[in-house]
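Dear colleague,

I am handing over the structure we spoke about, together with some notes on what was found in it. Please have the coordinates open while you read.

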Amino acid sequence: MAKCFKRNMMVRGLALAAMVTVLLGGLCATPAAAANGMLKIGVLEEPKSLNLWLATDAWSKRVLSLINEPLFIREPKSNELVPWLAAGKPVYDAGKMTYTVKLKKAKWSDGSDFTAADVIFTGQLINKFRMPRHRSKWSFIERVVAVDKHTVRFELKRPKAIFLSRTLTTPIVQKKQWEKIVASAQGAEKPLTVILRHKLTNPIGTGPFVVSKWQKGVFVFMKANPHFFGRGQTISGHKLGPHIKGIIFKVYGTADAAILALRKGAIDFYWNSIQAGYLEQLKDDKDIKLFVSNKSGLYYLGFNLRKEPFDDVALRRAVATLVSKEFIIKRILQGYGEVLHSMIPPGNSFYYNPDVPKYGYGKSMDERMKLAYNILREAGYTWETPPVNANGEVVRGEGIRLPDGSPMKEFTILTPPADYDPHRAMSGQMIQEWLRAAGMPAVSRPMAFGALIQKVKGQHDFDAFILGYGKLSLDPGYLRAFFHSRYNKPRGYNMSGYESAAYDALSNESNNAMDPKLRQEMIFQMQAMLMAAVPYVPLYNPKVIEGVRIDRFTGWVPMLGGVGNIWSLCQIKAK
Amino acid sequence: MRKYIAKRLAQVVVILFFILTVLFVLFRLAPGDPVSRMVDPEMTPEDAQHLIEQLGLDEPIWKQYLIYLKNFASGEFGYSIHYGEPVARVIWDKLPNTILLFTTAVLLSAMVGISWGKIAAWKKGKGADIGMTIAALVTHTLFLPWLALLLVWVFAYQLDWFPITGMVSEEVFLDPDAGFWAKAVDVGYHMVLPLATLFLIHFGSYLLVMRSSMLETLKEDYIVLARAKGLSDRAIRNKHAAPNAWLPVVTSVGLSLAFSINGGALTETVFSWPGIGRELVFAVSQNDYPLAQASFLLIATVVLFSNVVVDVLYAFLDPRIRY
């Protein structure tokens with residue numbers, strides 16, 4: 001009896017403790033962030049590292065972009081580069097091949113002065129240790145010298161077009177914080193590894209925010225940097241703050257949870273593009289505003305030009321004609337995307353060439369089939385059952401044969417799996433169907449992303465693939481890396497194996513062109529050459545859809561890539 | 001008994017060595033490239049090679065294997081490629097969170113499952129048995145992410161009783177005046193929904209195992225004898241039948257406890273619980289060899305030793321078992 005009584009008491013005690021936990025927890029969790037000027041942002045992952053040189057993931061960059069600032073930054077309306085840590089435009093001396101840049105009298109978050117020595121140190125660190133993802137932007141710099149405490153002169157080994165758009169947009173690190181780390185690396189067997197593995201918990205920056213607390217796996221709290229150089233200033237017409245006390249980046253493991261948190265008011269902004277499937281429920285919420293922005297993306301169908309059947313340009317053009325990008329945008333992206341005709345998205349208006357061939361654009365499926373059939377027939381392809389019959393009617397084609405008379409072997413279109421990117425997986429399925437209708441033995445095969453990259457980029461063991469870049473640089477230098485024969489090697493970015501001496505020469509020339517107008521002409525020509533050869537079929541550039549609560553904060557700044565940007569976070573105010 | 005334990009430990013060492021080798025080979029065969037994210041389009045092949053050398057990925061496979069074995073023998077698991085931190089530190093940051101949630105869930109599910117399993121078997125064929133068995137079958141076969149999202153939607157979003165997901169409230173953990181108990185209560189509050197999900201999914205298996213084992217035991221002669229002696233139902237059920245029905249349940253609970261350090265990638269992802277399960281998935285998907293190898297090895301080690309402990313425990317629970 002006594003034991004029974006004890007057990008009952010224990011059970012009741014446990015139940016009571018659970019209830020107390022819930023009640024107390026509920027009281028503790030009363031949202032108060034808006035009241036004290038804290039902006040809450042939902043993210044899917046926490047930063048991997050606060051060490052700028054190691055952090056390559058998008059989630060780390062969201063945090064670090066608010067700490068380590070570059071000399072120049074893109075302005076939200078025009079996308080032009082404007083002085084940020086720099087005090088004015090760079091002055092170019094063509095004879096000496098030097099750029100002189102005056103610096104703002106800014107301070108680091110620890111209160112010390114930002115000087116030319118910090119810029120020089122950053123450049124030296126990148127070149128000395130061949131810093132991944134930065135070295136290519138600095139390798140052509142002979143040296144950087146301090147003209148005075150707030151003026152630097154860049155001396156170039158050779159002209160390089162990316163200097164303004166890439167070198168001057170490199171985040172600058174504080175010499176004082178990094179020189180000890182560099183000193184310890186210099187004697188090491190693997191010095192780059194020492195730099196990359198340095199655990200940085202308090203990166204000192206010149207940006208609008210600094211990391212105050214990082215609760216691993218749960219949240220990162222950034223408080224406003226009182227020494228931020230832009231505070232109270234008007235830069236390119238934008239009056240900067242920050243006007244909020246801080247930002248809390250909250251980690252949600254899934255988009256479902258983050259969207260619920262946004263609707264419930266647990267966060268003010270979900271910093272990730274929202275899938276179209278969530279939009280209906282969000283549109284009805286009066287406290288949520290959806291921003292639909294363009295981004296600089298390129299999603300494409302790529303061919304392996306190193307082997308049959310895609311070593312034939314006629315076949316590639318026929319495939320480009322059969323692919324209905326309009327259908328993909330309308331049905332798969334549910335309207336949230338734009339058709340791409342070139343390797344450069346139209347949003348990059350200075351470098352986008354609107355006069356490249358637009359294979360099959362605006363045509364019906366029957367018209368496309370007829371066009372593709374003509375291209376292939378003229379190139380010597382034959383069929384057991386042609387897709388266009390003797391009466392000129394479109395029928396289902398079967399048994400396509402190559403110009404040498406041999407049957408076309410089954411080929412595979414590799415795509416990322418649907419759980420990684422449903423758009424690309426579904427696009428692969430649709431393209432398979434369109435090509436089969438023309439009698440081509442196409443098979444769309446979703447594959448784990450790592451395996452796909454290894455096959456396509458590492459081993460060149462593929463027929464065709466669908467991949468994409470979500471955030472291409474506005475500088476079109478990537479056109480050279482994607483299609484120059486120098487990069488046609490395992491791990492190289494020329495995955496299709498396109499080789500053209502004329503293209504190589506033009507892309508080299510464009511790489512060194514310092515005159516923007518001249519470079520623009522070259523980039524136009526490169527796009528025309530590429531769209532004639534069709535190593536890739538550009539498919540679409542998806543829109544960025546972001547959700548923001550408007551009941552607590554105001555002042556979001558839309559720009560290419562979305563409202564999640566430093567301009568927004570420097571300008572938003574509590575209501 | 002000592003001889004048996006020594007023999008089992010020797011087996012564990014051999015199996016561990018085998019697992020070490022298999023893990024090493026598997027991760028090298030897996031497609032993907034750990035440095036691909038650090039390479040930019042315009043990086044020269046020479047700079048890319050320099051990066052590979054600096055990360056030690058250019059060494060011949062046999063040499064990497066020897067370094068791996070040597071590091072393991074000295075308790076050194078290397079550095080995570082993506083975090084740039086010692087693997088042990090990355091695991092240690094997340095492991096307590098996983099143990100807290102999953103071990104609590106296993107113990108709670110086992111306690112309730114075993115108690116209800118006893119009752120269900122005792123009342124075989126009656127309403128209580130049918131109700132509990134159906135409830136166990138239904139909850140045990142639910143799809144975990146669906147149940148988790150349903151609970152979040154009802155209790156966190158619609159009723160607003162609990163936080164959407166996460167492990168702590170930033171208001172509490174940023175408050176300099178919040179003491180240990182305030183933080184502990186906050187963690188407990190965040191744990192309710194993930195714990196409820198895991199409990200609902202798992203208690204059914206313990207209930208069914210215990211019920212089935214009890215039904216076998218209730219057919220034994222000593223139970224008939226106990227009834228003939230006029231003992232109360234409660235005494236027969238709890239003192240004579242249940243202890244003899246424990247063996248299969250002990251195995252189940254023991255292994256579940258061991259596997260609980262593995263966490264559950266799905267549960268941790270849906271509830272944004274910063275545990276080892278999510279880390280493991282990240283390490284495998286990003287080809288972070290050192291982190292993935294160490295995580296799997298940790299799981300394998302704990303499971304192997306738990307097996308030994310369960311086997312030894314058998315001898316204590318059932319005097320008929322002798323080693």
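This is a predicted model: local features need pLDDT of at least 70, side-chain atom pairs count only at pLDDT 80 or more; totals for chains, interfaces and linings use all residues.

The predictor gives the complex an ipTM of 0.87 and a pTM of 0.87, and for chain B the mean pLDDT is 88, with 99% of its residues reaching 70 or more.

The contact between the two chains involves 57 residues of chain B and 56 residues of chain A. On the chain B side, the elements that give two or more residues are α2 (45-54), α4 (87-122), α6 (144-158), α7 (170-173), α8 (180-217), α12 (265-270) and α13 (276-285). By residue class, that side of chain B divides into 30 nonpolar, 14 polar and 13 charged residues.

Chain B itself is assigned two domains, domain 1 covering 2-73 and domain 2 covering 87-317, and their centres, taken over C-alpha atoms, are 33 Å apart. Domain 1 of chain B brings 15 residues to the contact between them and domain 2 of chain B brings 14; on the domain 1 side these are 12 nonpolar, 1 polar and 2 charged.

In chain A, helix α3 (residues 116-129) has 14 residues and reaches 20 Å from its first C-alpha to its last, close to the 20 Å expected at 1.5 Å a residue. Buried residues of α3(A) include Val119(A), Phe121(A), Leu125(A), Ile126(A) and Phe129(A), and also Asp118(A). Among the elements that cover the buried residues of this helix are β6 (141-148), β7 (151-156) and α6 (175-186) of chain A. Just after α3(A), Arg130(A) takes a positive phi of about 50 degrees.

Strand β4 (residues 91-93) of chain A is joined to β5(A) by 3 bridges, and the two run antiparallel; Asp93(A) stands opposite Thr98(A). These two strands, β4(A) and β5(A), form a hairpin with 4 residues between them, and Met97(A) in the turn has a positive phi of about 55 degrees.

Terms used
Residues are numbered from 1 along each chain as its sequence is written. Chains are lettered from A and ligands numbered from 1 in the order in which they are written. Domain bounds come from an automatic or database domain assignment. Two residues are in contact if their C-beta atoms, placed from the backbone, lie within 7 Å. Ala, Val, Leu, Ile, Met, Phe, Trp, Tyr, Cys and Pro count as nonpolar, Asp, Glu, Lys and Arg as charged, and the others, Gly among them, as polar. The expected span of a helix is 1.5 Å times one less than its number of residues. A residue is buried if 20 or more other C-beta atoms lie within 10 Å of its own, exposed if 12 or fewer, and partly exposed in between; C-beta atoms are placed from the backbone. pLDDT is the predictor's confidence in each residue, from 0 to 100. Two strands pair if DSSP finds at least two bridges between them.
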